[in-house]
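The sequence and structure come next.

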Amino acid sequence: MDTITCFRDLAIIIIAAKLMGLGAKKLKAPQVAGQIVAGLLIGPSVLGFVESSDFITTMAEIGVVLLMFSAGLETNLKELIKTGPVAVCVACMGVFVPLCGGFLLYSCFYGFHPVGSDEFFKAIFVGTIMTATSVSITVQTLRELGHLKGKLGTLITSSAIIDDVIGIIVLTFVIGFKSADAKPVDVIIKTVLFIVFSLCIGGLIYFLFKYLDKKYFHQRRIPIFGLALCFILSYCADALFGIADITGAYVAGIILCNLRDAEYISGKMDISSYMLFGPVFFASIGLKTTLDGFSIGLLWFAIGFVIVALITKIIGCGLIAKIFRYSNRDALKIGIGMMTRGEVALIVAQKGMACGLFEAERFTAVILLIICSSIVAPILLKLLFKNDAPSDPKEEEKSELAFGEHLMAEQNI
């Protein structure tokens with residue numbers, strides 16, 4: 001692919017992604033869904049203006065790494081610690097039940113297969129996609145209703161963040177086991193070694209960055225060094241430990257998330273992601289999505305995928321809330337608050353396509369899930385909170401500051 005063609009393709013992708021993203025926003029749908037549709041329209045399946053290439057794939061890979069780095073930077077560890085065991089348990093069941101639901105859904109459509117077979121891992125991976133939670137729509141709704149800083153708002157937001165951490169760990173294991181020569185013990189050992197490596201080197205890196213942050217506060221060298229750390233850990237995760245590069249990028253963000261300049265670093269990353277790499281990544285998903293093999297069977301699978309993904313989140317998270325003695329109504333609020341999906345689900349699905357665990361023609365189901373969950377969740381939350389008094393406005397303002405970083409990437413893509 002020559003350089004001039006690259007320039008043309010990038011121009012088409014950026015313009016189409018932005019226009020379709022704005023169109024989706026006008027329709028109250030996530031902008032990322034519009035950007036994916038843009039890729040589908042300009043790709044080989046419809047207009048044929050742009051074809052997927054090694055260059056686009058590489059740009060998209062950089063985009064997904066930057067997105068996960070930003071997600072790590074926007075994680076509020078202090079809030080996670082404050083929420084305690086309830087948020088952890090809600091998040092764990094919010095991963096486990098959808099994981100099982102996705103596995104059963106795939107198996108019902110395509111049959112149950114022996115443990116360790118390719119089809120078995122494909123079934124597991126469908127569940128892995130369902131584990132992700134995108135809390136941005138929920139937080140916007142709770143803020144409008146005046147309940148973001150309330151007990152339920154804090155629990156939902158913290159649980160969603162923990163949920164994504166667990167989901168990335170699950171993705172790491174599934175991709176590791178998919179390799180033909182993979183041995184379960186080796187995968188577990190490599191993953192544990194990477195966690196130990198991250199903890200050890202992460203502490204040293206944090207104190208180094210803390211020193212730099214103190215000496216060069218709000219200077220551009222801090223984001224530059226942070227970006228270098230993101231790429232280094234992405235490389236180490238894949239090359240040294242054989243796990244997903246996005247896991248390394250996410251860890252890099254976690255290491256730096258408590259710096260004074262964490263929001264500043266995240267803001268600088270958002271510029272690159274918003275202007276170029278984000279649109280290319282989401283549009284590249286549309287470019288790879290093919291309608292050639294789409295059939296009535298796949299349509300029914302997509303509908304089942306959406307229903308199972310929504311219901312299993314409500315069941316898993318709501319059930320744990322009931323165990324911790326929340327009322328039926330509050331448990332339902334928590335479950336519905338956790339059922340929205342966003343870019344993490346897209347990232348997981350894209351990784352599955354790259355390693356052969358998820359077929360391109362099934363990607364429509366993921367897009368449909370994101371759109372449906374983003375529309376249904378706010379409506380149901382408004383109905384459930386209709387007669388509840390809002391939380392303290394001053395506390396609400398503090399909560400916006402605490403969770404604002406977590407939302408920036410999702411709202412501005």
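## Nonpolar surface patch

A patch here is built from residues with over 30% relative accessible area and no salt bridge, and nonpolar side chains are joined into one when they lie within 5 Å. The model is a predicted one. On its surface, Phe 109, Ile 296, Leu 299, Trp 300, Ile 303, Ile 307, Ile 311 and Ile 315 make up a nonpolar patch. Together these residues have about 750 Å² of accessible area.

Helix 12, which spans residues 296–323, supplies the largest share of the patch, seven residues. Leu 299 is located in helix 12.

Side chains of opposite charge can pair when their charged atoms come close. The whole structure contains four salt bridges.

One of them joins the side chains of Arg 8 and Asp 9, with an N to O distance of 2.9 Å.

## Salt bridges: Lys 122 and its partners

Lys 122 takes part in a salt bridge with Glu 119, at 3.5 Å from N to O. Both residues belong to helix 5 (residues 118–131); because they are three residues apart there, about one helical turn separates them. Lys 122 has 14% relative accessibility and so counts as buried, while Glu 119, at 24%, counts as partly exposed.

Lys 122 also forms a salt bridge with Glu 359, and here the closest N and O atoms are 2.7 Å apart. This pair connects distant parts of the chain, 237 residues apart: Lys 122 sits in helix 5, and Glu 359 sits in the loop between helix 14 (343–354) and helix 15 (363–384). Lys 122 and Glu 359 are both buried. Through shared partners, the salt bridges join Glu 119, Lys 122 and Glu 359 into one network.

Conventions
Residues are numbered from 1 along each chain as its sequence is written. This is a predicted model: local features need pLDDT of at least 70, side-chain atom pairs count only at pLDDT 80 or more; totals for chains, interfaces and linings use all residues. Side-chain values use heavy atoms; hydrogens and water are left out. Patches are made of residues with over 30% relative accessible area and no salt bridge: like charges are joined within 9 Å, nonpolar side chains (Val, Leu, Ile, Met, Phe, Trp, Tyr) within 5 Å. Accessible areas come from the Shrake-Rupley method with a 1.4 Å probe; for residues, only the protein chains shown count as cover. Helices (H or I, at least four residues) and strands (E, at least two) are DSSP runs, numbered from the N terminus. Buried means under 20% relative accessible area, exposed over 50%, partly exposed in between (1.4 Å probe, protein chains only).
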